[in-house]
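Take a moment to open the sequence and the 3D view side by side. We will walk through them together, step by step.

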Amino acid sequence: MKIYRTSDYREMSRTAAMILAAQIRLKPDCVLGLATGSTPVGAYEELVRMHRDGHLDFSLVKSANLDEYRGLTRDNDQSYYYFMQQNLFGQVNIRPENTFIPDGSQPDAEAECVRYEKILAGLGGVDLQILGLGHNGHIGFNEPADSFARTTHCVDLTRSTIEANKRFFEKEEDVPRQAYTMGIGTIMRARKILLLVSGGSKAEILKEAVCGPVTPQVPASILQFHPDVTLIADEAALARFDA
Ligand code: F6R
């Protein structure tokens, strides 16, 4: 695992955007695996800026998102579909037909998971996957469990995730209790992984994920087995690495 230590969130975002931009330039028709949440917002802002300055072309890029809340329609402003439109897709020249996100409004969970895995297989695999890290060690919505889930599946969100994500909703009851997520196997098939982590509240779990035992109780720990992971984390998130 390569580790970039940045001074703060802004530098983490810039570094991530530079790596993403390099990927797009090297392979203009690459497949990006994308995440939502607070962590990648700054990197998406940088990518939008590069695109506006005329330095980055998304016209051939394809993307597949990690996850989506089950039960939210695309026009719901808390859906990840909406998030991606606001933070990236609506501001660059990526083609809508080249962007893929699990469909949260699909009530048949099994059918939706099979459909999404087929899409991912059809894309020929993800070239560069961005990941954030949950406070409980989740990646995508792969919550701590007794075993690693292989493919796209429907999960019950844990208390910790509902608690962490309620900040985006009016009230806690509005946070969906389930989500569709790529599996750990799906994520591990990506050719390269970029793990972004910011802030002292993630310091403990980041140390566990990178230096602790590989266990489905800390889903991100599986990344220790991936051959090409780059961690970009700010000083606050890496604080426990000095201990
Ligand atoms: C989002 C996702 C999640 C988040 C994680 C961290 O698509 O897959 O695993 O990356 O919950 O969220 P933030 O960045 O909001 O701290």
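Predicted model: local features only at pLDDT ≥ 70, side-chain atom pairs only at ≥ 80, totals over all residues.

Residues are numbered from 1 along each chain as its sequence is written, and side-chain values use heavy atoms, with hydrogens and water left out.

Let us begin with charge. Side chains of opposite charge can pair when their charged atoms come close. A salt bridge here is a side-chain nitrogen of Lys or Arg within 4 Å of a carboxyl oxygen of Asp or Glu, and a search of the whole structure finds twelve of them. One joins E46 and R49, with N and O 2.9 Å apart. These two sit three residues apart in helix α2 (residues 41-52), so about one helical turn separates them. (Helices, H or I of at least four residues, and strands, E of at least two, are DSSP runs numbered from the N terminus.) E46 is buried, with a relative accessible area of 12%, while R49 is partly exposed at 41%; buried means under 20% relative accessible area, exposed over 50%, and partly exposed in between, using a 1.4 Å probe and protein chains only.

R49 also meets D53 in a salt bridge, at 3.2 Å from N to O, and D53 is partly exposed, with a relative accessible area of 42%. Another salt bridge links D127 and R191, whose closest N and O atoms are 2.6 Å apart. D127 lies in the loop between α4 (109-123) and β6 (128-131), and R191 in the loop between α6 (184-188) and β9 (192-197), so this pair ties together parts that are 64 residues apart in sequence. D127 counts as buried at 6% relative accessibility, whereas R191 counts as partly exposed at 43%. Salt bridges with shared partners also join R14, E46, R49 and D53 into one network.

Now look inside. A nonpolar core is a set of buried Ala, Val, Leu, Ile, Met, Phe, Trp, Tyr and Cys residues joined through side-chain atoms within 4.5 Å. The largest has 32 residues, and L131, I139, L195, V197, L206, L223 and L231 touch the most other members. At least two residues of this core come from each of α4, α6, β9, α7 (203-211) and β10 (229-234). Apart from it lies another core, of 30 residues, including A21, L47, V48 and M84.

Next comes helix α3 (residues 80-87), whose buried residues are Y80, F83, M84 and N87. They cover an arc of only 95 degrees around the axis, which puts them on the same side of α3; the arc is that of the directions from the helix axis to the C-beta atoms.

Finally, find S105 in the loop between β5 (99-100) and α4. S105 is partly exposed, with a relative accessible area of 37%. Leaving aside residues up to four places away in sequence, S105 touches L72 and T73, where contact means heavy atoms within 4.5 Å. From S105 to Y9 is 96 residues in sequence and 33 Å in space, C-alpha to C-alpha.

One stop remains, the pocket. On a 1 Å grid over the protein atoms alone, a pocket is an open set of points where a 1.4 Å probe fits, with protein on both sides within 12 Å along at least five of seven lines, and lining residues have an atom within 4 Å of a point. The largest pocket is lined by 29 residues, of which G37, T39, L133, H138 and K202 lie nearest its centre.
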